[in-house]
Amino acid sequence: MAAVGAGSSDNVLLKRFMFTIFALLIFRLGVHIPTPGVNTRALVELTSQPGGGLLKVLNMFSGGALNRFSIFALGIFPYISASIIIQIMAVVVPALEQLQKEGGVGRQKLNRITRLLALGLALFQGFIFATGLEAVPDTLSGAVVLEKGMGFQLLSALLLAAGTCFVMWLGEQITEKGLGNGSSLLIFAGIVAYFPQNVGLVATDLGAGKMSVLHALFIIVLAVASVFGVAFIEQSYRKIPIHYARRTIGKKVMSVQASHLPMKVNMAGVIPAIFGSTLLAVPATFMGFGGQRGGNVWISDLMPNRWLYNACFALLVVFFCYFYTSIVFKPDDIAENLKRQNAYIPGIRPGLETSEALDMVVTRLVLAGAVYMNLVCLLPVIAFKQSADYQFSLGGTSLLIVVGVGLDTVRQVSAQLATQKYENLNFFGRSTAAKDADAVAVGTSAKPF
C-alpha cells in the first residue's frame, strides 16, 4: 500500500517536471525561428555596439531571440507590461478595483483584459520595433532590414504579436500543469541560456591576458557572495505580531490567539531594477544608432559604466520601489481586514492607527529594499567595468531574477511534496470503502491479500 501511494505521488511530480522541461525546450526552439526580411548578422553586430543598451537588455531577457529577430523577440514582456498597467489603473479606475475584489470571477475578467491589452501592446511594439530597425544605418554586414516598407512592418508586427501570444499561452500551461510560475520561468530560461556564453567570454579574456587572475577570482567571489546575499534577503521577512480577540463560535469560546503578519524586506521584487535599466538603456541606444554625433557631454555620461548612469539608476530604483509598493500594498485595506477579524497589533488601536503603523513599517522596509537592490545591481559594475557586455547577462538584475525565480520554484516543489505526503497519510487513515474507491482509481485493490 505504501508503494502505491508513494509511487502515484512521485509520478505526478515527475510528470509536472517533464512537462516544464518540454515547454521550456519548445520556447528555446522558437527563439531560433527568425522573422523574414532581416539580416541577422547585421543585427548581431548592432546589438554588440556600445550604444545598443536597450537592445542588449531585451536580447538578454529574451534569451538571444532579438539577435535573430525571432518570432519570440518580444517574449513575455508585453504581458508583464500589461499586468503592471492594469495594476496601476486599478488604483484610479473604480471598475477595475471592483473586479479585484470579486474573487475568482473578477480575476478571470481581469486576466482577459490583461491578455487583450498585451496583444495590443505586442502589435504596437512590434510595429515600432520594425520601423526602428528600418531607420538604423547600415553596418559592416550590410543593412539590417533587407526589404524595407509597410509590408515588412506589418508582417513583423503580426509575427511578433503571434509569438507573444504563444509565449503567454505557454507560460499559462507551465503554471497550470508544470512546476513554478510559467512567465517567470520563461524569463529565467532566457537569462540562464546566456550564462555559458558569458562565462566563456570571461575565460577567453583571462586566457588572452585582457583580465588578470586576481580580477577573475574577485568576480567568482562576488558572484557567490551575491547569490547567497540575494537568497538571504529574498527570504527575509519583518514579522508584525497579530493578536486575535477571544471569539465565540457556536458553543465554543476561542481563546486569544497570537500570530504574525509577514512582510518581505524586498516588497517590490525585481520590477524597479528592470524599469530602471530599461529606461536608462533608451538614450544609450539612440546615441549608439546616431554614432554619438553632436551629443552633449552629460548625455554621454548616461552610457553604462559612467557616474551619471549609476546615479540615475540608483534614484530610479528608489523611486520605483516606493511607487510599485504603494500600488501592491494597501495599509488601509489590511487594517480594515484585521478589524473585521477582531485582530489587532499589540499596543496599537485598530483602524487608522494600525494603518499608520503599517505604513511606517512599509516605508522603512522599502528603503532597506531599495538600498539592497542598488548594492546588488551596482556592485557588478565594479567587477565588470572592463566590459559592459558582462553587466547585462551577469549583472545584478539578472541575478535578482534567477535567484528569485529559483527560490519560488523550490518553494512550489516543496509545497507539492508536502501536499502529496498529506494526501498519502490521509489515504491510509480513511475507511476501507474509501480506500477501495481510491485504489480502483489507480488500478489496484486496497483490501489486504
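Q: Is Glu 234 buried or exposed?
A: In this predicted model, Glu 234 counts as buried, because its relative accessibility is 9% and the cut-off for buried is under 20%.

Q: Which residue does Glu 234 form a salt bridge with?
A: Glu 234 pairs with Lys 264, and the closest N and O atoms of the two are 3.5 Å apart. The pair links distant parts of the chain, since Glu 234 lies in helix α10 and Lys 264 in strand β4 (residues 257-264), 30 residues apart.

Q: And what about Lys 264, how exposed is that one?
A: Lys 264 is partly exposed, with a relative accessible area of 27%.

Q: How many salt bridges are there in the whole structure?
A: A search of the whole structure finds 3 salt bridges. One of them joins the side chains of Arg 115 and Glu 172, at 2.8 Å from N to O, and this pair also links distant parts of the chain, with Arg 115 in helix α6 and Glu 172 in helix α7, 57 residues apart. Another is formed by Glu 336 and Arg 340, whose closest N and O atoms are 3.6 Å apart.

Q: Where do Glu 336 and Arg 340 lie?
A: Both are in helix α14, 4 residues apart, which is about one turn of the helix. Glu 336 is partly exposed at 36% relative accessible area, whereas Arg 340 counts as exposed at 64%.

Q: Switching topic, what volume does the largest pocket have?
A: The volume of the largest pocket is about 1,500 Å³. It is lined by 42 residues, and the closest to its centre are Asn 181, Ser 183, Ser 184, Ile 271 and Tyr 324.

Q: Which element gives the most to that lining?
A: That is α17, with 8 residues in the lining of the largest pocket. By class, the lining has 20 nonpolar, 14 polar and 8 charged residues.

Q: Which residues form the nonpolar patch on the surface?
A: The patch is formed by Leu 206, Val 213, Leu 217, Ile 220, Val 224 and Phe 228, which together have about 580 Å² of accessible area. Helix α10 (residues 213-234) supplies the largest share, 5 residues. Phe 228 lies in that helix and is exposed, with a relative accessible area of 61%.

Q: Last one, what is the phi of Asn 342?
A: Asn 342 has a positive phi of about 55° although it is not a glycine. Most residues other than glycine have a negative phi. Asn 342 sits in the loop between α14 (331-340) and β5 (343-344), and it is partly exposed, with a relative accessible area of 42%.

Conventions: Residues are numbered from 1 along each chain as its sequence is written. This is a predicted model: local features need pLDDT of at least 70, side-chain atom pairs count only at pLDDT 80 or more; totals for chains, interfaces and linings use all residues. Side-chain values use heavy atoms; hydrogens and water are left out. On a 1 Å grid over the protein atoms alone, a cavity is a set of points where a 1.4 Å probe fits but cannot get out, and a pocket is an open set with protein on both sides within 12 Å along at least five of seven lines; lining residues have an atom within 4 Å of a point. Grid points are joined across faces, edges and corners, and a volume is the space filled by probe spheres set on the points. Helices (H or I, at least four residues) and strands (E, at least two) are DSSP runs, numbered from the N terminus. Ala, Val, Leu, Ile, Met, Phe, Trp, Tyr, Cys and Pro count as nonpolar, Asp, Glu, Lys and Arg as charged, and the others, Gly among them, as polar. Patches are made of residues with over 30% relative accessible area and no salt bridge: like charges are joined within 9 Å, nonpolar side chains (Val, Leu, Ile, Met, Phe, Trp, Tyr) within 5 Å. Accessible areas come from the Shrake-Rupley method with a 1.4 Å probe; for residues, only the protein chains shown count as cover. A salt bridge is a side-chain nitrogen of Lys or Arg within 4 Å of a carboxyl oxygen of Asp or Glu. Buried means under 20% relative accessible area, exposed over 50%, partly exposed in between (1.4 Å probe, protein chains only).
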